[in-house]
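Work through the exercises below with the sequence and coordinates open. Each task is followed by a stepwise solution.

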Amino acid sequence: MIEFIISPDGFIILLLLFLLGALGAALLKNNDESANYWSSFFAIAGSLWGVLFGLGSLFAVRPLLFTIGASPFSLLQFSFLIDKLAAFFVFIICLIALFCSLYGIDYVRQYYRKYSIGSLGFFYNLFIAGMLLVVTATNGLFFLLAWEIMSVASFFLVIYDRHEQENIRAGFLYLVMTHVGTSFIIAAFLLLYKFTGSFEFSLIRNGAGMIPGSVKNAVFVLSLIGFGTKAGIIPLHIWLPGAHPAAPSHVSGLMSGVMIKTGIYMMIRIFLDLLQPFPLWWGVVLLITGAVSSLLGVLYALTEHDIKKLLAYHSIENIGIILLGLGSALTFLSLQMPALALVGLVASLFHTLNHATFKSLLFLGAGSVINQTHTRNMEEYGGLIKLMPQTALLFLVGSMAITALPPFNGFFSEWLTFQALFQGIAAPNSQVIWIFVIAAGALAFTGGLALACFVKAFGAIFLARPRSDEAKHAKESSPFMLAGMWSLGALSLLFGVGSGYVSQVLQAVGGEFAVFQNLPAPFLHTEGGWITVGGFSSVFAPAIFLALLLALLAVVFAVNRLLSRRQTVRTGPTWDCGTDLTPRMEITSTGFARSIILIFKGILKPTMQKAVEYRDGESRYLPKSRMIKLGMNDIYEKYLYEPAQAFVLKFSLYAKKVQSGLINMYILYILIALVGVLLFSL
Amino acid sequence: MNIIFDILQPLFVPLLSPLLIGVVKKIKAKMQNRQGAGVLQPYRDLWKLFHKDEVISQDASWIFRMAPYIIFAVTLIVGAFIPIFNLNTFTAPLGDLLAVVYLLAIGTFFLALAGIDTGSAFGGFASSREMTVSALAEVGLIFSFFILSLVSGSTNLFTIADSVLVANITSLQPIILAGLGYFIVLLAEGGRYPFDNPATHLELTMIHEAMILEYCGRRLALMEWAAANKLFIFMTLGANLFFPWGLMHEFSLAALIVAVAVFALKLSAFCFAIAFIESGIAKFRFFRLPDLLIVSFILNIVAIGLIK
C-alpha cells in the first residue's frame with residue numbers, strides 16, 4: 001500500500017483528489033450544504049493521502065523523480081522531484097490542511113446563503129494543490145505556474161468576505177505585492193537560465209559552477225526579495241497583516257502556517273541545494289534579516305488589538321526565527337563548518353514544522369472566538385474562558401507553544417536556533433561573531449516580548465469579565481471545529497515531547513544535500529530522545545515533561561490533602577475599591593502593551609491624539625467628554641512605500657504623454673522601433 | 001548516601017527558601033535599627049496561611065485557581081535542575097541553561113495571567129509591568145549565563161559550575177562583568193529594589209504583590225512560597241555559577257560540611273547585598289527600569305568582547 005502511495009501514480013492521485021474537490025465544489029455551487037461536504041471531504045481525503053505520501057517519502061531510500069506527459073513546449077516540463085526536503089513540506093502542508101479542513105466543515109456554515117460556498121471550496125482545494133505543486137515542481141517555468149496558482153487562489157480566498165471594504169483593499173495589496181515578488185523570482189530564474197541554459201533544477205545544479213559570482217549574487221538578492229515577499233520578511237511584509245486576517249480563519253491558518261513557508265522552502269532549495277558554494281555575506285544578510293524581522297514582528301504584534309493581525313505579525317516574527325536558523329546554516333557553510341551548518345538547518349526546519357502547527361492552532365482558536373463574537377477587536381472580548389473552555393484551553397496551548405515554553409514544541413526549535421547562534425559566537429575562527437551576537441540578542445529579546453504579547457492576547461480574550469454583549473453570549477464551538485483544534489494542540493505537545501525523534505528525521509532531511517554528505521563528524525546528535533549539540537549542550541524533552549507533570553501532581557496532592565484539608569473555599573466579588581465593579585476596570589490589550597511600546601518608542605513611533613469637549617467653552621473647567629486616540633506611525637509606508645508609489649505615479653504620468661491618441665504618431669513609433677531593431681541587428 | 005541527596009535535591013529549594021526571606025528581612029530590620037521578626041517568621045506565616053479559609057473571586061477562572069500550583073511546581077522542577085551544593089546528581093544532564101530560563105518563564109506566564117484573571121485594575125496593570133520587566137530581563141539573563149558557557153564550553157549549569165572554577169585568569173574580567181549583569185537581573189526577577197517593593201502592595205507601582213492581591217489562604221501561601229523559591233533559585237545560581245567554590249564533586253562527610261558551610265556563606269553575602277540595597281536606595285520610577293536592564297545587557301556584550 002505505502003509503496004503505491006509514494007509512487008508517481010500516488011502523487012497524481014493526491015493532486016486529482018484536490019482537483020476533484022475543487023471542480024465538484026464549483027459544480028455544486030447552487031447547494032451550499034453539499035458543496036461544503038463535497039469540498040471538505042476531498043480536502044480531508046487528499047490531505048490524509050498527502051500525509052501518508054509525505055511520511056512515506058520522508059523515509060524512502062531514494063528520491064522520486066518523474067515527469068507527467070509530454071510537454072508541447074521544450075522549456076516547460078511537468079517534472080516533479082520528491083526528495084526528503086520536498087516530502088517534508090508535502091507532509092507539513094497536508095498535515096495542516098487536514099485539520100484546517102476538518103475545522104472548516106463547521107466553520108464555513110456561517111457563510112451559508114451569504115457567499116458562495118462552492119467558490120470557497122473551489123479555491124480552497126486549488127490553493128492546497130497549488131502549494132503541493134510549488135514544493136514538488138522541479139522546472140522553473142512549471143514552478144512559476146504553480147506559484148501563480150497558489151497566489152491567485154489565495155488572493156480569491158483573501159477577498160472571499162467581500163462585503164468588507166477593508167478586505168478588498170487587503171486583497172489587492174496582497175495581489176500587488178505577490179506579483180512584485182513574482183517578478184523578482186522570474187528575473188532570478190531568467191538569470192539562471194541565461195548561464196545554465198535550462199529551467200530544470202537538476203541542470204541548474206550541475207551548471208552552478210559556470211555561473212559567475214556577480215550573477216550568483218544577483219540571483220541571491222532577487223530570490224531573497226521574491227521569496228521574502230511571500231515569506232513576509234520585514235520590510236516586504238506589508239501585505240501580510242492585512243491579508244491573513246481578511247481570509248476565513250481556517251484559510252488564515254493555512255496561509256500563515258504553510259503558505260508563507262513555501263518562500264522558506266525555495267530559499268533552502270536555491271541557496272543550499274542549487275547555488276553551492278556561495279560567499280559569506282549571504283548568510284550574514286539572512287541573519288540580519290531574520291533578527292530584524294523577529295524583533296520588529298513581535299513589537300508590531302504588541303501594538304495590535306485586532307486578534308488576527310496580532311497573529312499575522314507573529315508569523316513575521318517566526319519567519320524571522322526560521323531565517324536565523326537558515327542564516328546561521330549558510331554562514332557556517334561559507335566558513336567551511338558544515339557540521340555546525342546542519343544544526344542551523346535542522347533548527348529552521350524544526351521551527352517551520354512547529355510554527356505551522358501552533359500558528360494554525362491559534363488562527364483556528366481565533367476563528368472560533370470571532371465566530372461567536374463577530375468582531376476581531378480584542379477589546380470587545382473578555383471572560384470567554386468560562387463560556388468557551390475548550391477553545392480557551394487550546395488557545396493556551398498554542399500560546400505556550402509559540403512563546404517557547406517547555407514542554408511544547410516551540411521551545412525545542414527555539415532551543416536549537418539558540419544553539420546554532422551560540423556556536424557562531426563560540427566558534428574560534430569565526431569572523432562574524434558580532435553578527436551572531438546581534439542575532440542571539442534579537443532572539444532573546446523576541447522570546448521575552450512574545451511572552452508579554454501572548455499574556456496580553458490570552459488575558460484580553462479569555463480572562464476577566466466580558467466587555468461586550470456578544471462576548472457575554474458566546475458558546476463553545478461545534479465538534480468539527482474542536483476536533484481540528486484538539487488535534488493540532490495534541491501535535492504541539494507531541495512534537496515537543498518527541499523533539500528528539502523529530503530532529504532525527506530532520507537531520508536526515510538536511511543530510512540529503514550534497515553539502516552535508518561526508519561530514520567528518522556530525523555535531524548534532526539525536527539519540528534516544530535526547531538532542532545534543534556537540535559537547536556543548538543537550539536537552540531531553542520527555543524528562544522535562546514528566547518532571548513538570550509529577551511536580552504538579554505532587555504539589556496539588558500535598559497542598560490539598562496534607563496541608564489544608566479542612567479549609568473551605570468561598571467565592572465572592574473581586575475587591576473593587578468601594579466602587580461598582582464594571583468591565584471598564586479591567587486592563588485592555590492596548591493598556592497592557594502601552595508600557596513596552598513607550599519603551600520602544602524610538603522604533604515604533606507611537607502617536608497620541610487628545611480631544612476634549614467642554615461643557616462651557618468659555619471657562620474650560622468642566623470637560624464634557626475626553627477622547628484619546630492611540631496609534632502608530634507606519635514607518636515603512638511613510639519612508640519606503642509612499643515614496644516608491646509617488647515615483648511610480650510620476651513616472652507613469654510622464655509615460656502617459658507618449659500615448660497621444662493620434663494614429664500617425666503610433667505609426668511613427670512603429671517606424672522608429674523598426675529602424676532601431678534594424679540598426680541593432682546590423 | 002548520594003542517592004539520598006538525589007532524592008532530597010528537589011526539596012532543598014522549597015525547604016530553605018522561607019529561611020532566606022527571613023534572613024533578608026532580619027538584616028534589613030537591623031540596618032534600619034529595628035528589632036525585626038525572627039528568621040523563622042516566614043515559615044510561621046506559611047503555616048498560618050495554609051490553615052486559613054479562602055475567598056476566590058467570582059470572576060476567576062481555572063487559570064486563577066490552578067496558577068499557584070503550576071507556579072510552585074515550576075520552581076520545584078527548576079530547583080531540581082540546578083546545582084545547589086552537590087554537583088553529582090542524577091538530574092545534572094538536564095540542567096540546561098535555556099531549559100531553566102524558559103521553565104521559569106512558565107511561572108511568569110501563569111503569574112501574569114492570574115493577575116489579569118480576576119478583572120481588578122491592580123492585577124492587570126501589575127501583570128503588564130511584570131511582563132515588561134521580565135521581557136527586558138530575559139536577554140540579560142540568557143547572556144550572562146552564556147558568558148559562562150563560553151568560558152566553560154557547555155550550557156549545562158552543572159558543567160559550568162564545575163569548570164568556571166578552573167577557568168584561567170584571563171576570563172576573570174568577563175566573568176565579573178557577567179556577574180554584575182546577572183545581579184541586575186536577579187533584582188528584577190526576584191522582585192526586589194529598585195524594581196519592585198516586596199514588602200507592600202499599597203502603591204500601584206508594586207508589581208508582584210499587586211498581581212497576587214486577590215489571593216488568600218493556601219493559594220496565597222503557595223504564591224509567596226513560590227516567589228521565595230524563585231529568589232532562592234536566582235541567588236543559588238548566582239552563588240554557584242559565578243563563585244563556584246566549595247561545591248561537592250564526590251560524596252564525603254567532610255566535603256558535605258564544607259559545601260553546606262560555603263553555600264550558607266555565599267547566600268548570606270547575597271542576602272546582605274540585597275538588604276543593603278533595599279535599605280540604601282529608593283525604588284526607581286518604572287520607566288527608568290529599562291535603562292538598568294539594558295545596562296545588564298551591555299555589560300554582557302562587553303564581556304563577550306573581552307573573551308573574543
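A residue is buried when its relative accessible area is under 20%, exposed when over 50% and partly exposed in between (1.4 Å probe, protein chains only). The model is predicted, so local features need pLDDT of at least 70 and side-chain atom pairs pLDDT 80 or more, while totals for chains, interfaces and linings use all residues. Residues are numbered from 1 along each chain as its sequence is written, chains are lettered from A and ligands numbered from 1 in the order in which they are written, and side-chain values use heavy atoms, without hydrogens and water.

**Exercise 1.** Classify the ring pair F143(A) and W147(A).

Step 1. Rings of Phe, Tyr and Trp (its six-membered ring) pair if their centres lie within 6.5 Å; planes under 30 degrees apart are stacked, over 60 edge-to-face and the rest tilted.
Step 2. The centres of F143(A) and W147(A) are 5.4 Å apart and the planes stand at 35 degrees, so the pair is tilted.
Step 3. Both residues belong to helix α6 (residues 140-158) of chain A, 4 residues apart, about one turn of the helix; helices are DSSP runs (H or I, at least four residues), numbered from the N terminus.
Step 4. F143(A) and W147(A) are both buried.

**Exercise 2.** Do likewise for F445(A) and F600(A).

Step 1. With centres 6.5 Å apart and planes at 85 degrees, the F445(A) and F600(A) rings are edge-to-face.
Step 2. F445(A) sits in helix α18 (residues 433-462) of chain A and F600(A) in the loop between α23 (589-599) and α24 (601-604), so the pair ties together parts 155 residues apart in sequence.
Step 3. F445(A) is buried at a relative accessible area of 10%, and F600(A) is buried at 15%.

Methods. Helices (H or I, at least four residues) and strands (E, at least two) are DSSP runs, numbered from the N terminus.
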